[in-house]
Amino acid sequence: MNEEVVFRKMTVKDIDAVYDIEHSSFSLPWTKEAFFYEMMDNQHAYYVLAETVDGIVGFCGLWIIMDESHVTNIAIRPEQRGKKLGEKLMRAAMETAKENGAKTMTLEARVSNTPARNLYEKLGFKNGGIRKSYYSDNFEDAIVMWVNFDE
């Protein structure tokens, strides 16, 4: 199955769909209010949506501050996983960051999240350190990863 994926910028109208994906993907999901704040008040926020004929199937949140970008969260609808949508979405987010002047991108990933870490490494991210006890649900460490777009 080679379904067409369209990437676009998130709007306030997309909050319910994004919240649904967030809630089904994370043990510590963001609230709808947090997404509303991102859309309405955070001048650095840019969210890239992945959309197919099935609707919004994924999202990637970015904060783009001067020449740096930070991935706040990325998720694919559980029933849509395993179709390479996460990789396509990350590539689209990286392009969006570059188009908005970013020269680097950083993110945190759970140390135990091997599939995500493998994807980020495939896309050129390097290990940048550990944030001890970063996740408050189980105090798991996070690995900080960076990519320099000029390399």
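The following legends describe close-up views of a predicted model.

**View 1. Aromatic pairing around W30 and F35.** Five aromatic pairs are found in a search of the whole structure. In one of them, the ring centres of W30 and F35 lie 5.4 Å apart and the ring planes meet at 35°, so this pair is classed as tilted. Ring pairs join W30 and F35 with Y47 and F59 in a cluster.

**View 2. A nonpolar surface patch that includes F36.** V12, F36 and M40 make up a nonpolar patch on the surface. Together, these residues present about 270 Å² of accessible area. F36 belongs to helix α2, which spans residues 32-40. The relative accessibility of F36 is 41%, so this residue counts as partly exposed.

**View 3. The salt bridge between R77 and D20.** The structure holds eleven salt bridges, and one of them pairs the side chains of R77 and D20, with an N to O distance of 2.7 Å. R77 is buried, with a relative accessible area of 14%, while D20 is partly exposed at 39%.

**View 4. The salt bridge between R131 and E108.** R131 and E108 form a salt bridge in which the closest N and O atoms are 3.1 Å apart. R131 is in strand β6 (residues 126-131) and E108 is in strand β5 (residues 104-110), so the bridge ties together parts that are 23 residues apart in sequence. The relative accessible area of R131 is 37%, and this residue is therefore partly exposed. E108, at 17% relative accessibility, counts as buried.

View 5. The side chain of R110 meets that of D137 in a salt bridge, at 3.0 Å from N to O. R110 lies in strand β5 and D137 in the loop between β6 and β7 (142-148), so the pair ties together parts that are 27 residues apart in sequence. R110 is buried, with 18% relative accessible area, whereas D137 is partly exposed at 33%. The charged end of R110 also sits over the ring of Y135, at 4.0 Å from the ring centre.

**View 6. A salt-bridge network of R8, D14 and E51.** Salt bridges link R8, D14 and E51 in a network. Side chains of opposite charge can pair when their charged atoms come close.

**View 7. The surroundings of D54.** D54 is located in the loop between β2 (45-52) and β3 (55-65). When residues up to four places away in sequence are not counted, D54 touches E3 and Q80. The C-alpha atoms of D54 and V5 are separated by 10.0 Å, and these two residues are 49 residues apart along the chain.

Key
Residues are numbered from 1 along each chain as its sequence is written. This is a predicted model: local features need pLDDT of at least 70, side-chain atom pairs count only at pLDDT 80 or more; totals for chains, interfaces and linings use all residues. Side-chain values use heavy atoms; hydrogens and water are left out. Patches are made of residues with over 30% relative accessible area and no salt bridge: like charges are joined within 9 Å, nonpolar side chains (Val, Leu, Ile, Met, Phe, Trp, Tyr) within 5 Å. Accessible areas come from the Shrake-Rupley method with a 1.4 Å probe; for residues, only the protein chains shown count as cover. A salt bridge is a side-chain nitrogen of Lys or Arg within 4 Å of a carboxyl oxygen of Asp or Glu. Helices (H or I, at least four residues) and strands (E, at least two) are DSSP runs, numbered from the N terminus. Buried means under 20% relative accessible area, exposed over 50%, partly exposed in between (1.4 Å probe, protein chains only). Rings of Phe, Tyr and Trp (its six-membered ring) pair if their centres lie within 6.5 Å; planes under 30 degrees apart count as stacked, over 60 as edge-to-face and the rest as tilted. A charge sits over a ring if NZ of Lys or CZ of Arg is within 6 Å of the ring centre and within 35 degrees of the ring normal. Contact means heavy atoms within 4.5 Å.
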